[in-house]
Amino acid sequence: VGGKSARQSSKGMTPLPGALIASASGAMLTVFMFGWTNGAMNSPALVMRAALGLEHDPVVPERDVVWGWCVSVYCLGGMLACAVSARLADRLGRKRFIVLLNLLFVLGASLQTSAVLFERQQNGAGSGNVLGVPLTICGRILVGAASGGTTVVVPAYISEIAPEQLRGTLGKTPPPFPPTRTNPP
């Protein structure tokens, strides 16, 4: 009684089990994807706009409006997902829900990538790539929803799997992690 347990190190801390490290790292990869998709439209914007037929043109301001929608629906998807993620994670389980979020990231990225595969067709002012724009918007909504779900569920999941003495430390890890994509000046 009063001695150190077999699991404690010489400094009194319990070593982290491999399963905890693997689970927390897997959840943090979801947060990495949130950070990546958050900035994915900024750096390659000129190339993406050209591929979608939405180059900036002062004579055709509708192209800027459509591009604005392509970028901003990410926030709409995130907002909607934040509203329902906690309930869905309670119903499905946090781990399954995080896997579902990863699938949404992959599906959304696939839609955005496939948007440039269609021929650019100019059917009038601002029309651009007829199938590419809806695919981009749908993909942005999905990655936005996955990002919103990530901000709700991943910190809770990590806090729940962490040992009691590390819950505060590990639970605070996800928020500063998302700015993983930097944009050139």
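The model is predicted, so local features need pLDDT of at least 70 and side-chain atom pairs pLDDT 80 or more, while totals for chains, interfaces and linings use all residues. Residues are numbered from 1 along each chain as its sequence is written, and side-chain values use heavy atoms, without hydrogens or water.

**Stop 1: helix α3.** Select residues 62–92. Helices here are DSSP runs (H or I, at least four residues), numbered from the N terminus. α3 has 31 residues and reaches 42 Å from its first C-alpha to its last. The expected span is 45 Å, taking 1.5 Å times one less than the number of residues.

**Stop 2: the kink.** Centre on Val-84. α3 kinks by about 45° here. The bend is the angle between axes fitted to the seven residues ending at a residue and the seven starting there.

**Stop 3: the buried residues of α3.** Select Trp-67, Cys-70, Tyr-74 and Ala-81, which are among them. Buried means under 20% relative accessible area, exposed over 50%, partly exposed in between (1.4 Å probe, protein chains only).

**Stop 4: past the end.** Gly-93 follows α3, with a positive phi near 100°.

**Stop 5: helix α4.** α4 has 21 residues and reaches 30 Å, close to the 30 Å expected. Its buried residues include Phe-97, Ile-98, Leu-101 and Phe-105.

**Stop 6: Leu-100.** Leu-100 lies in α4.

Methods. Helix = DSSP H or I, 4+ residues; strand = E, 2+ residues; numbered from the N terminus.
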